[in-house]
Amino acid sequence: MIDLRSDTVTRPTPEMRRAMAEAPVGDDVFGDDPTVNELEKYVADLLGKEAAIYAPSGTMTNQMALHIQTRPGDEVLLHAGAHIYNYEAGAPALLSSVQVRPLPGEGGTVSPETLREAFRPEDVHFPRPRLLCLENTHNAAGGRVYPLESFRAVVDEARNLNLRVHLDGARIFNAQAATGIPARHWCELADTVSVCSSKGLGAPVGSLLAGDEQTIERARRARKAFGGGMRQAGIVAAGALYAFRNHIDRLAEDHERARRLAEGIAELGYRTTPPETNIVLVEVGDVAQFLRELAQENVLATPAGLTTVRFCTHLDVGDEGVEHAIAAVAGIRKRV
Ligand SMILES: *Cc1c(COP(=O)(O)O)cnc(C)c1O
């Protein structure tokens, strides 16, 4: 089966499993797990932040960021396609009692003008705008990179408006691989950043939230409250550490394969968006039928809207897998 549903479906490599099996561990809720501590320090350095905290998922690190940077009744501004808004089970309302304000914008970006227009001044009628969340790369927009200059411009505007800024950087290293710009250049502009080890980097479990020492100390309490305090977490943290150390540079291969996949499918007459990273969106018309027929050819993808399907390349799919997927789509085309 060529599984292109997500870059989360990867299995740990033998070397990663070995690192996990051999990891020194302790009780992380007591701060005693040397592997978790090493991972947190490694990722904080990588992102140019003072501190980081390891948690079970990117949803949890995002929600910890919201929780510690808002109060009940506050407003969180974000793009209408944001993961935090669409794919986290209503958690901003459920866990932090905040109102989410979805904003329009090209390719998952929010312009300074849009932000300024949406910003509510101090008035007894209005919720208090408190936090801007940005996403890079943008999942729903098809893995689009948030251009650094536009990112800087909207963050500058957010600072003028006295907003905090959280970066959902689940795939920030895909942005680094696509542009050659170190991830830290985006990260240093935001107060908090979340990154996933279990997306394209191929670790089995975990995300980190990074920020200044004080903010991450507060995040530790939020993690505990959300049920994310793990004990001998070094076993899984070792997989994450291995992924950050060894699998960042190879993301460019996933991008190359996504380009090949998009090109191959486009040649069959489908409308595709040329991928910037590892996500390929294809217009197919009847999504359910397309995915069913694709599965019969042993290729899996996901729906990404009424008429769009999404293919996601990752470290468990090589060149042959990509060619197989293109051939499978060609087979569907012939039968229609
Ligand atoms: C996957 C993802 C997350 C977090 O997902 P989890 O499955 O909870 O780890 C957050 N933001 C974006 C943009 C994502 O793609």
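## Backbone features in the loops

Thr137 sits in the loop that runs between β5 and α7 (148-160), and in this predicted model the peptide bond joining Asn136 and Thr137 is cis, with omega at about -5°.

Ala89, which lies in the loop between α4 (83-86) and α5 (91-96), has a positive phi of about 60° although it is not a glycine. Asn298, placed in the loop between α13 (287-296) and β11 (299-300), likewise has a positive phi, near 65°.

## The ligand shell

The ligand is surrounded by Ser57, Gly58, Thr59, Asn62, His83, Glu88, Glu135, Asn139, Asp168, Ala170, Arg171 and Lys199. Sorted by class, this shell holds one nonpolar, six polar and five charged residues, and its largest share, three residues, is supplied by helix α3 (residues 58-68).

Of the 380 Å² that the ligand exposes when taken alone, the protein buries 84%.

## Helix α3

Helix α3 is mostly covered, with nine of its eleven residues buried; these are Gly58, Met60, Thr61, Asn62, Gln63, Met64, Ala65, Leu66 and Ile68. Among them, Gly58 and Asn62 also belong to the ligand shell.

At the start of α3, a side-chain oxygen of Ser57 comes to within 3.5 Å of the backbone nitrogen of Thr59, and both Ser57 and Thr59 are among the residues that surround the ligand.

## Two buried strand residues

His166 belongs to strand β6 (residues 164-168) and counts as buried because its relative accessible area is 0%, under the 20% limit. The side chain of His166 makes a polar contact of 2.8 Å with that of Thr192. Apart from neighbours within four places in sequence, the contacts of His166 include Asn62, Ala65 and Gln69, as well as Leu131, Leu132, Cys133 and Leu134. Of these, Asn62 and Ala65 are also buried residues of α3.

Leu132, found in strand β5 (residues 129-135), is likewise buried because its relative accessible area is 0% and the limit is 20%. With neighbours within four places in sequence left aside, Leu132 is in contact with Leu77, Leu115, Val154, Ala158, Leu163, Arg164, Val165 and His166. By contrast, the C-alpha atoms of Leu132 and Gln296, which are 164 residues apart along the chain, are separated by 43 Å.

## Domain arrangement

The domain assignment of the chain gives domain 1 (8-246) and domain 2 (250-335). The centres of domain 1 and domain 2, taken over C-alpha atoms, are separated by 28 Å, and 19 residues of domain 1 are in contact with 14 residues of domain 2.

Notes: Residues are numbered from 1 along each chain as its sequence is written. This is a predicted model: local features need pLDDT of at least 70, side-chain atom pairs count only at pLDDT 80 or more; totals for chains, interfaces and linings use all residues. Side-chain values use heavy atoms; hydrogens and water are left out. A residue is near a molecule or strand if one of its heavy atoms lies within 4 Å of it. Accessible areas come from the Shrake-Rupley method with a 1.4 Å probe; for residues, only the protein chains shown count as cover. Helices (H or I, at least four residues) and strands (E, at least two) are DSSP runs, numbered from the N terminus. Ala, Val, Leu, Ile, Met, Phe, Trp, Tyr, Cys and Pro count as nonpolar, Asp, Glu, Lys and Arg as charged, and the others, Gly among them, as polar. Buried means under 20% relative accessible area, exposed over 50%, partly exposed in between (1.4 Å probe, protein chains only). A polar contact is a pair of N or O atoms within 3.5 Å; within protein, one must be able to donate a hydrogen and the other to accept it, and residues adjacent in sequence count only if both atoms are side-chain atoms. Domain bounds come from an automatic or database domain assignment. Contact means heavy atoms within 4.5 Å.
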